[in-house]
Amino acid sequence: MYIILAVLAIPSGVAAQTALPETIPIFPLEDVMLFPDMSVPLHIYEPRYKAMVAEALKGNHIIGMVLLRPGYEKDYERSPSVFQIGCAGVINEVEELPNGEYNIVLGALTKYLITREEASQPYRIAHVSAIADETAAADTATLHTRRQRLEGIVRDSGGQTGLQATPDGISDAMLVNGIAQLARIDELDRERLLEQPTPLTRADALIAILERMIAERQ
């Protein structure tokens, strides 16, 4: 299926210039997600997903990341249930290996809602609609205070968040999304973070999740 190499909290670059089509291939995973503004490198080796990448590279390079629902194991080889909200990305970097496998870097394009699926390919194809994920002007100052609080939580947690530090020189929304993608939290909590409608509501939910997690481990 896939192997995670690392997760890079970097701007998505080319992805920002690409529009979301009405149908996209989706890549359901049990514990890996992509957030707006972020990138994720993956090693693709399962035959159906190698076919998915090969076809994406012939076209718009878009693949939709989406989280599998609990209990997916019994139906994994077919079409296990997934959450309706995921994040689409553009293949910004690709290395095709001699055995036909791929190393790719997927840069976030937009959140999306799955409206239905079709079974026209070995991999899954979803009909989707884009979901905006933006900070209102009135929320800018509040989001910055949440950023500062998150930086403090990470700094003071002694590594309990799975992060040692937060980077400078990135936007408040990007920092929130980066922590949401990288922090050592339960995948269902991570899905709830992705489903938040704005970076500010995501920041509030993330603060609550991290503070609860740290309290439980003390």
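Arg116 stands opposite His127, which sits in strand 7. Keep in mind that this is a predicted model.

**Strands side by side**
- Strand 6 (residues 102-118) and strand 7 run antiparallel, and seven bridges join them.
- These two strands make a hairpin, with five residues between them.
- Strand 7 (residues 124-131) also pairs with strand 2: the two run antiparallel and are joined by four bridges.
- Ile26 has Arg124 as its bridge partner in strand 7.
- Here's a handy general point: side chains in a regular strand alternate between the two faces of the sheet.

**The nonpolar cores**
- The largest nonpolar core has 50 residues.
- Phe27, Leu42, Met65, Leu150, Ile179 and Leu210 are the ones with the most contacts inside that core.
- Helix 5 (residues 199-217) gives this core its largest share, eight residues.
- There's another core apart from this one, made of 13 residues, and its members include Ile62, Val66, Val82 and Ala126.
- What does Met65 touch, once you leave aside its neighbours within four places in sequence? Its contacts are Phe27, Leu29, Val32, Leu34, Val40, Leu42, Gly86, Cys87, Ala88, Leu106 and Tyr112.

**Salt bridges**
- How many salt bridges are there? The count comes to 13.
- Arg124, the strand partner of Ile26, also forms a salt bridge with Glu117, and their closest N and O atoms are 2.8 Å apart.
- Arg124 counts as buried because its relative accessibility is 7%, under the 20% limit.
- Glu117, by contrast, is partly exposed, with a relative accessible area of 33%.
- Asp172 and Arg147 form another salt bridge, with 2.8 Å between the closest N and O atoms.
- That pair links distant parts of the chain: Asp172 is in helix 3 (residues 172-182) and Arg147 is in helix 2 (residues 140-156), 25 residues apart.
- Both Asp172 and Arg147 are buried.
- Over in helix 5, Glu216 and Arg212 lie four residues apart, about one turn of the helix.
- Their side chains meet in a salt bridge of 4.0 Å, N to O.
- Buried or exposed: which is Glu216? Glu216 is exposed, because its relative accessible area of 61% is over 50%.
- Arg212 is partly exposed, at 40% relative accessibility.
- Salt bridges that share partners tie Asp189, Arg192, Arg212 and Glu216 into one network.

**Two residues with a positive phi**
- As a rule, most residues other than glycine have a negative phi.
- Asp37 is not a glycine, yet it has a positive phi of about 75°.
- You'll find Asp37 in the loop between strand 2 (23-29) and strand 3 (39-44).
- Asp37 is partly exposed, at 29% relative accessibility.
- His61 isn't a glycine either, and its phi is positive too, at about 70°.
- His61 lies in the loop between helix 1 (47-58) and strand 4 (62-67).
- At 27% relative accessibility, His61 also counts as partly exposed.

**A buried threonine in a loop**
- Where is Thr161? Look in the loop between helix 2 and helix 3.
- Thr161 counts as buried because its relative accessibility is 0%, and buried means under 20%.
- A polar atom of the Thr161 side chain lies 3.2 Å from the backbone nitrogen of Leu163.
- Setting aside neighbours within four places in sequence, Thr161 is in contact with Ile153, Val154, Ala183, Arg184, Leu210, Met213 and Ile214.
- One of those contacts, Leu210, is also on the list of residues with the most contacts inside the largest nonpolar core.

**A leucine in helix 4**
- Leu188 lies in helix 4 (residues 187-195).
- Leu188 is partly exposed, with a relative accessible area of 28%.
- Not counting residues up to four places away in sequence, Leu188 touches Pro70 and Phe83.
- Leu188 and Pro70 are 118 residues apart along the chain, while their C-alpha atoms are separated by 8.9 Å.

Technical notes: Residues numbered from 1 in each chain as written. Predicted model: local features only at pLDDT ≥ 70, side-chain atom pairs only at ≥ 80, totals over all residues. Heavy atoms only, no water. Core = buried A, V, L, I, M, F, W, Y, C linked by side-chain atoms within 4.5 Å. Buried < 20%, exposed > 50% of the residue type's maximum accessible area, 1.4 Å probe, protein only. Contact = heavy atoms within 4.5 Å. Polar contact = N/O pair within 3.5 Å; in protein donor to acceptor, adjacent residues only side chain to side chain. Pairing = 2+ DSSP bridges.
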